[in-house]
Amino acid sequence: MMKSEVPVCHSCGEHVGLKANGEAFVGCHECNFPICKNCFEYELKEGRKVCTRCGNPYDENQPDDVEKASGDRCTMAAHLIKSQDVGIHARHISSVSTVDSEMTEENGNPIWKNRVESWKEKKNKKKKPSTTKVEREAQVPPEQQMEDKPAPDASQPLSTIIPIPKSRLAPYRTVIIMRLIILGLFFHYRVTNPVDSAYGLWITSVICEIWFAFSWVLDQFPKWYPINRETYVDRLSARYEREGEPSELAAVDFFVSTVDPLKEPPLITANTVLSILALDYPVDKVSCYVSDDGAAMLTFESLAETADFARKWVPFCQKFSIEPRAPEFYFSQKIDYLKDKVQPSFVKERRAMKRDYEEFKIRINALVAKAQKTPEEGWTMQDGTPWPGNNPRDHPGMIQVFLGSSGAHDIEGNELPRLVYVSREKRPGYQHHKKAGAENALVRVSAVLTNAPYILNLDCDHYVNNSKAVREAMCFLMDPQVGRDVCYVQFPQRFDGIDRSDRYANRNTVFFDVNMKGLDGIQGPVYVGTGCVFNRQALYGYGPPSMPSLPKSSSSSCSWCGCCSCCCPGKKAAKDPSELNRDAKREDLDAAIFNLREIDNYDEYERSMLISQMSFEKTFGLSSVFIESTLMENGGVPESANPSTLIMEAIHVISCGYEEKTEWGKEIGWIYGSVTEDILTGFKMHCRGWRSIYCMPLRPAFKGSAPINLSDRLHQVLRWALGSVEIFLSRHCPLWYGFGGGRLKWLQRLAYINTIVYPFTSLPLIAYCSLPAICLLTGKFIIPTLSNLSSVLFLGLFLSIIVTAVLELRWSGVSIEDLWRNEQFWVIGGVSAHLFAVFQGFLKMLAGIDTNFTVTTKAADDAEFGELYIVKWTTLLIPPTTLLIVNIVGVVAGFSDALNKGYEAWGPLFGKVFFSLWVILHLYPFLKGLMGRQNRTPTIVVLWSVLLASVFSLVWVRINPFVNNKDGTTIAQSCISIDC
């Protein structure tokens with residue numbers, strides 16, 4: 001069986017078919033845009049008679065004798081949804097048949113043969129929807145048909161790439177190359193000019209500088225192709241929301257995860273849920289799943305209150321088109337809320353709604369107050385039965401549908417989106433994998449109940465700030481020319497409640513506005529854990545529809561940017577599907593998952609037998625309903641599922657033993673093995689050949705909260721860095737994983753390598769920040785006396801650093817203050833959190849020792865940004881405090897020594913003091929954080945830091961290891977010759 005070489009239609013994904021003369025069908029003879037005969041005729045019937053790519057008119061005189069190419073089969077997912085009348089992306093729930101748990105063999109394998117007949121029946125009916133549509137159009141008068149035609153731009157692209165102007169990008173790239181050349185000359189000078197009087201200091205500084213240059217290359221070159229994107233939401237509506245017809249927009253399942261309601265306030269979670277339910281999106285396409293991984297009755301009861309309040313809040317938002325649609329943040333806005341409002345009743349209804357929300361807050365606060373003290377006998381529900389989650393580590397799985405069932409309407413009688421509470425089963429002795437395990441449980445539950453083709457996950461403190469955010473993402477995912485190979489659309493993180501100066505770089509502006517734009521021009525941004533819309537098929541471990549054949553050797557991937565097909569294509573891979581599958585297994589890219597495109601050449605019976613032999617249960621688990629849902633590329637609940645039994649099936653797929661001996665967390669879903677499961681999950685998708693897209697709408701899509709005090713911020717950075725170290729020590733390390741397939745572009749790999757090696761920069765950084773103080777205390781220096789040529793070299797290096805930063809600010813739009821804050825916190829985090837993460841990671845991964853750092857509040861403030869001035873004791877504060885004290889002592893000692901030695905000592909002192917002030921300025925925000933608002937610093941921090949600095953200085957003076965041996969011998973001989 002040979003694989004067909006016929007092009008694939010960009011609209012439906014099937015082969016375009018062959019004409020009678022054996023040539024592939026061509027709709028547009030100008031650009032040869034691949035489109036099949038059925039889609040071609042559909043475009044003509046809808047009035048779109050121009051090519052969607054080049055805009056030239058179609059040739060309507062096409063022959064009718066178009067045959068299917070050999071092996072031209074649609075995927076299983078297409079077979080399972082042919083009966084949908086509302087479009088290929090619409091949700092379809094049917095109660096035709098059910099597959100009970102009794103229809104399984106004793107070993108748990110479902111009887112796949114029982115479904116073959118139903119698949120064949122659907123195949124025979126695949127032409128009925130189009131026939132029905134033609135008949136319906138024939139009944140409509142011609143005048144009305146003319147009126148119902150979509151707008152002219154409905155066939156145009158839903159998004160476009162806006163490249164950075166060459167006038168800004170060309171100088172930027174030129175300076176980068178010049179800086180690279182200057183670095184080479186600089187290291188040649190440094191290596192060939194050692195400092196004999198302080199050889200140890202010199203060699204330490206050179207090693208540190210080489211590592212810094214390596215880190216700069218990893219960070220800089222993935223920003224070589226920055227791009228911007230623009231979306232056209234109006235075109236999306238014109239294409240998929242035609243007047244008088246059901247909406248064909250794709251359904252979306254929202255995931256909101258929370259653990260401890262006492263640490264993650266229920267009111268914040270409620271605002272996130274309310275902002276989702278009030279989205280500007282068809283209500284029947286939205287389902288919100290809230291994961292309560294702590295099985296807290298407080299979360300359950302607050303969600304019940306939220307569902308009741310949503311019946312008032314959702315119609316209010318839709319009626320007056322307010323932004324944002326999280327009530328807490330809407331009512332706290334300090335803006336003119338009457339702007340652009342023309343309805344006379346708005347003021348009255350807004351006041352009433354604000355009063356209702358305040359009453360809602362009081363009810364939530366009462367629940368929180370009640371939950372502060374747990375009864376000895378545990379919590380009891382309203383009907384008197386004990387709460388199943390009284391033991392958060394040992395409880396059954398729980399699912400409650402608050403909205404979405406029959407009768408779930410708002411106060412105006414309109415349908416509401418679905419709202420589902422989920423708490424997965426927890427039992428002692430099982431690995432639950434924290435947030436990643438909770439997200440995978442939501443993937444399975446949502447697949448059983450709604451099975452939307454796209455998934456959007458949010459942290460419980462990230463609310464929807466832009467009600468059209470999902471439409472922005474659909475401009476990429478539902479665009480036939482763009483969305484086929486897109487695994488996810490990532491939005492930038494934006495935050496509320498951060499101090500004006502952003503002292504600790506909480507906004508991460510440089511990362512989100514510079515680095516992510518650069519990655520978007522390669523293979524796409526990394527996944528950052530929240531605010532991301534996933535293609536469900538990508539989470540299931542399948543490769544993209546246009547996945548290239550696996551090369552026989554990785555040498556074919558030689559292009560710097562990864563586009564090896566254009567310059568040095570490799571040999572064609574074998575076309576036998578079994579050989580392709582074996583290659584994929586060997587390269588550990590698709591593991592046990594058999595890509596659907598590779599079995600398109602089989603007939604129905606062979607395909608069903610092949611599925612049975614492949615044992616999908618070993619990959620996805622023992623749930624026939626869930627497995628069947630994974631084969632439906634465009635979503636929808638399988639027709640073999642009975643709605644009356646779906647809840648029981650959903651309970652089954654969140655049982656704690658469901659993932660055992662499956663690929664969950666290894667190859668499918670959120671990947672386990674690191675506390676930063678987001679980086680690992682996105683990396684696996686990119687290795688399979690998917691690409692991601694970065695979406696930055698003018699109004700931020702989502703907003704969240706960030707820790708703004710020093711200690712909490714350092715612990716957040718510690719967790720991120722620890723996850724990177726865990727990935728570095730795992731089999732998924734980008735240094736060696738995923739080379740076999742050749743699907744991860746080289747610049748993308750550099751970016752992923754940078755995400756896992758940056759914590760190790762803490763070791764040379766803390767050494768380099770100690771060198772100025774050592775030089776000042778010993779009178780030595782790491783650089784020999786400069787000549788004119790070497791002075792020009794140093795000046796050129798400093799200028800290239802400054803010019804690179806200026807040009808980067810120019811094309812990215814980032815402010816110089818944001819760049820400086822980012823540089824400062826790079827040093828602060830590097831000498832504290834990153835250093836501890838390296839040691840903690842090695843202890844955890846190599847010795848199995850898990851180290852925790854306690855955080856204790858020492859002071860607080862009730863004023864605005866009061867949390868910024870909270871000072872908490874943590875071990876992470878000791879290293880940077882010690883560096884500060886040592887450098888300040890070194891500056892004082894250096895000036896004292898210069899005063900004693902006279903005028904000739906001031907010249908060498910300048911370089912040493914400049915070096916030391918560089919360290920102090922970078923640590924200045926840390927110093928302000930230690931002092932607090934009223935100079936309140938934990939005594940233990942000062943004591944430890946002064947003690948370490950004093951001991952270090954005294955030992956250094958006593959040992960003085962960098963004194964030249966010859967000088968020491970001369971001194972000793974002179975001492976011996978003295979007659980005491």
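**Close-up views of a predicted model**

**Figure 1. Helix α8 is a mostly covered helix.** Spanning residues 233-240, helix α8 has six of its eight residues buried. Like every view here, this one shows a predicted model. The buried residues of α8 are Val-233, Arg-235, Leu-236, Ala-238, Arg-239 and Tyr-240.

Figure 2. The side chain of Ser-257 is joined to that of Glu-439 by a polar contact of 3.3 Å. Leaving aside residues up to four places away in sequence, Ser-257 touches Ser-291, Lys-435, Glu-439, Leu-458, Asp-459 and Cys-460.

**Figure 3. Helices α9 and α12 cross at roughly 135°.** Here helix α9 (residues 266-277) meets helix α12 (residues 346-370), and their axes come within 10 Å. That angle makes α9 oblique to α12. The crossing of the pair is right-handed. From α9, the contact is made by Pro-266, Leu-267, Ala-270, Asn-271 and Leu-274, while α12 brings Tyr-357, Phe-360, Lys-361, Ile-364 and Val-368. Sorted by class, the contact of α9 with α12 has eight nonpolar residues, one polar and one charged.

**Figure 4. Helices α22 and α24 cross at roughly 160°.** The axes of helix α22 (residues 677-687) and helix α24 (residues 746-757) come within 12 Å. Because angles over 145 degrees count as roughly antiparallel, α22 is described as roughly antiparallel to α24. The crossing of α22 and α24 is left-handed. On the α22 side, Ile-679, Gly-682, Phe-683 and His-686 make the contact; on the α24 side, Gln-748, Tyr-752 and Thr-755 do. By class, the contact of α22 with α24 has three nonpolar and four polar residues, with no charged ones.

**Figure 5. The whole protein gives these close-ups their setting.** How many helices and strands are there in the protein? There are 33 helices and 15 strands. Of the 980 residues of the protein, 53% count as buried. Among contacts with a separation of 6 or more, 79% are between residues 24 or more positions apart.

Note on methods: Residues numbered from 1 in each chain as written. Predicted model: local features only at pLDDT ≥ 70, side-chain atom pairs only at ≥ 80, totals over all residues. Heavy atoms only, no water. Axes fitted to C-alpha atoms, helices over the stretch in contact; angles between N-to-C directions. Helix = DSSP H or I, 4+ residues; strand = E, 2+ residues; numbered from the N terminus. Parallel < 35°, antiparallel > 145°, perpendicular 65-115°, else oblique. Left-handed = near helix turned anticlockwise from the far one by under 90°. Contact = heavy atoms within 4.5 Å. Nonpolar A, V, L, I, M, F, W, Y, C, P; charged D, E, K, R; others polar. Polar contact = N/O pair within 3.5 Å; in protein donor to acceptor, adjacent residues only side chain to side chain. Buried < 20%, exposed > 50% of the residue type's maximum accessible area, 1.4 Å probe, protein only.
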